[in-house]
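Welcome to this short tour. Please open the viewer and get ready to select a few things in turn.

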Amino acid sequence: MQHPQLKSIVQEMPKAELHIHIEGSLEPELIFELAQRNGVTLAYPSVDKLRAAYAFDNLQSFLDIYYAGASVLLTEQDFYDMTAAYLRRAAADNVRHAELFFDPQTHTDRGVPFATAIDGIWRACQDGPISATIIMCFLRHLSEEAALATLDEALPHRDKFIGVGLDSSELGHPPEKFARVFARCRELGLHLVAHAGEEGPPAYIETALDVLQVERIDHGVRCLDSAALTARLAREQIALTVCPLSNIKLRVFDHMGQHNLLELLDAGLAATINSDDPAYFGGYMNDNFLAAFDALPLGLSHAHRLARNSFVASFLPEAAKQAHLAELDAYFAAL
Ligand code: HPA
Ligand code: ZN
């Protein structure tokens, strides 16, 4: 029997978001506002026409429009406004803590200084209303030399980000392409994550773990294609930052009823729910939770476990982690 208040519980419970590309939170309305503010001409005549173009066949068809959307970001204030809007929206979904991906190369390759982007995002993180940290992602369709150069540019800002990740076009760009830059980041004491097993095979998840030595896998849903890998992820409790609406929009699964989230949980994996690129995929954290809970036979214990996993897998200091977990457990104990 499903708990009668399951939906409101899922919305109200405290949670952390670990997989959000901040450029993917740029809503069409804000894209138009920033384009106007900066005198940038867009290929779309209206907000509605832009939104109508958000019909994707796969990851690449999304990335093409996502990079075009990010082209309106020019000033530090633009990056601040984008981030502040996301943090307000996340707070409304009872997200207590967020770890934000950003793609510096998307901006530096357009002539926007690294400092402009990170300073705007970082300043918004300091202003709240929730706790937020930054993870810088390397674009995997570009070379490892470009990633190494980006790391050099980032080092003067070392105190503003907690880790590095790997995103953009997965197929044909396996994690091991970035072995040297991730080794350097590890020596620098940065946290390490990578997108793997979204469209790519289980082998990409394995090399992300074995060659890059990442602490979490972003997406990772294709791990179930390998029984040995699934058993390892369960044994080592490697967190997967799963993004249900993203997976449907990018056709990783045909519809939510076919999503493998419940199988991941049943296999004992440390799965979490996240929004990925909420402005493009039809929803923020609670939209993702509700879409999954509507379509799949998930109950109260799954909700509690997903929220627990999100704090456990976060890169928060241990004391903050325990405080969030205590608040979460008290919320469920009081039901
Ligand atoms: N996958 C890979 N790269 C990305 C994504 C994603 O879902 N979103 C933004 N960059
Ligand atoms: Zn992603």
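In what follows, Ala, Val, Leu, Ile, Met, Phe, Trp, Tyr, Cys and Pro count as nonpolar, Asp, Glu, Lys and Arg as charged, and the others, Gly among them, as polar. This is a predicted model, where local features need pLDDT of at least 70, side-chain atom pairs count only at pLDDT 80 or more, and totals for chains, interfaces and linings use all residues. Residues are numbered from 1 along each chain as its sequence is written, ligands are numbered from 1 in the order in which they are written, and side-chain values use heavy atoms, without hydrogens and water.

Start with ligand 1 and show its shell (residues with a heavy atom within 4 Å of it). Among them are Phe62, Tyr66, Asp167, Glu198 and Asp277. The shell divides into four nonpolar, four polar and four charged residues.

Next, select helix H4, residues 59-69, which supplies the largest share of this shell, four residues.

Now look at the side chains of His21, His219 and Asp276. A polar side-chain atom of His21 lies 3.3 Å from a nitrogen atom of ligand 1. On the oxygen side, an N or O atom in the side chain of His219 is 3.3 Å from an oxygen atom of ligand 1, and for the side chain of Asp276 such a distance to a ligand oxygen atom is 2.7 Å.

Finally, turn to the space itself: which cavity does ligand 1 take? The space taken by ligand 1 is the largest cavity. The lining of this largest cavity divides into five nonpolar, four polar and five charged residues.

Definitions and conventions
Polar contact = N/O pair within 3.5 Å; in protein donor to acceptor, adjacent residues only side chain to side chain. 1 Å grid on protein atoms, 1.4 Å probe; cavity = no way out; pocket = protein on both sides within 12 Å on 5 of 7 lines; lining within 4 Å. Sits in = over half its atoms within 2 Å of the grid points. Helix = DSSP H or I, 4+ residues; strand = E, 2+ residues; numbered from the N terminus.
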